[in-house]
Amino acid sequence: MNSTLERFSKLLEKDGTWCTVLADAGTGTVDSLEAADVRPGQIRDALLAAGAAKADAQAVEQAIQPLEGVQNPVARFLLVHDGRVEVDEVLAGERVDSPYVKVGVVPDLLPLLRHADSDIPVVTASVDRSGADIKLAYARRAITGGPESSRSVQGSTENLKKVPGGGWSQGQFQHRTEEIWRKNAEDVAAEINRLVQTERPAIVAIGGDIRARDLVLHQLSENARAIATTVDSHTRAGGAHPEVMDTAVEKLLAENKAYSQRRLLEQLEEEKGHNNGKAATGIGSVVHALQQAQVQTLVLSTELTADPGGGNTATDPDSHPAREMLVLGSSPWIATVEEETLGAQILGKASAAAALIRAAVLTDADVEILPKAAIPGGAVVAALLRWPVGPPVPEEG
């Protein structure tokens, strides 16, 4: 499941009223300082107007204060329940022009999912023959200078450089130098391997001295080497330009995302072409699969996620993406009509996107947002399944 969403599964089981807020959290420029100061009060008033409890609105107001000393743009995502801030996340590098404010029966994870790229782990390593500067950051934060953890691995510098000459003693000296390089690279590779195992980054970008890069690459684990790429720059040398690594990371992330989406769409197309294949398209079929915990990857269209609010005014569910669905207090978690609840408590109604995302998280499914035109059949929602489908499920009106 998306690391961005999996940690919310326990919160999604709670009933009651939830406030969801995504808003700009920067102090702004001199001209916009006043706007930043009044923003918390405006969001509080918007929540109250949407039906939030006073305690919840006040909790948001206190939490949404501008972040001092943080580079713009920066956003804040909040989930508030029973007067308590349950989630408070800073999204560095995210620009939010208009606050997203929602009051409902479930937390709305759609705003966070839209900004999920900022939560993808990235490991960068700037190496030379004495060691490396290794950083763990998160996608755009790796580029925008947001929160990160870093560690320098410093190996031995004794006999670090080969010197010209000949003779038996000189051969021993050069052999020891190469052994020092190898041992230093081994220490660097060990730290990268540890981060790959514990943090599961999307990419590992290695820049710096050419010989050192090669030595580190050859000592990476199989998993680390599969996602590692070298950056052609002496990124640890004096006077190195960090923007070279930043540009490389941005390009690698874009390529990685494009590849993942292309592979997902290929799988959907392939499975959709089989009788009883492992794919579902359309709201009725996808909801049915979610009710059975059958969904491996839920695919939401940008059309479905464009308008998280509003109710259903159309007879065809796929013609009006903003329709509401029933959210349930226990399995099967979601339903389009009361007859599908299987006796589970109905907590209330939520927008289709919020309800589908909640059901996906509660059944350990991944969630992706893609353009409607790219999804097989132009469906507003589709799913890659864990096991083949049964007989066709009619779409609900």
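**Group meeting: the sheet and the cavity**

Let me start with the sheet: four strands form an open sheet in the order β3-β2-β1-β4, and the pairing is antiparallel. Keep in mind that this is a predicted model. The edges are β3, residues 84–92, and β4, residues 100–104, each of which pairs on one side only. On average, neighbouring strands in this sheet are turned by 10 degrees against each other, if direction is ignored.

Helix α4, residues 54–63, packs on the sheet. There, α4 touches β1, β2 (74–81) and β3, and its direction makes about 155 degrees with that of β2.

Now the pairing of β1 with β4. Strand β1 covers residues 18–24, and five bridges join it to β4 in the antiparallel sense. If you want one to look up on the screen, take Val21, whose bridge partner in β4 is Val101.

On to empty space. A probe the size of a water molecule, rolled over the atoms, shows where such space is left. How many cavities of 30 Å³ or more are there? The count comes to one. The volume of the largest cavity is about 40 Å³.

Which elements give two or more residues to the lining of the largest cavity? They are α7, residues 168–199, and α8, residues 210–218. Helix α7 has the largest share, with four residues.

By class, the lining residues are six nonpolar, two polar and two charged.

That is what I have for today.

Methods:
Residues numbered from 1 in each chain as written. Predicted model: local features only at pLDDT ≥ 70, side-chain atom pairs only at ≥ 80, totals over all residues. Heavy atoms only, no water. 1 Å grid on protein atoms, 1.4 Å probe; cavity = no way out; pocket = protein on both sides within 12 Å on 5 of 7 lines; lining within 4 Å. Points joined across faces, edges and corners; volume = space filled by probe spheres on them. Nonpolar A, V, L, I, M, F, W, Y, C, P; charged D, E, K, R; others polar. Pairing = 2+ DSSP bridges. Axes fitted to C-alpha atoms, helices over the stretch in contact; angles between N-to-C directions. Contact = heavy atoms within 4.5 Å.
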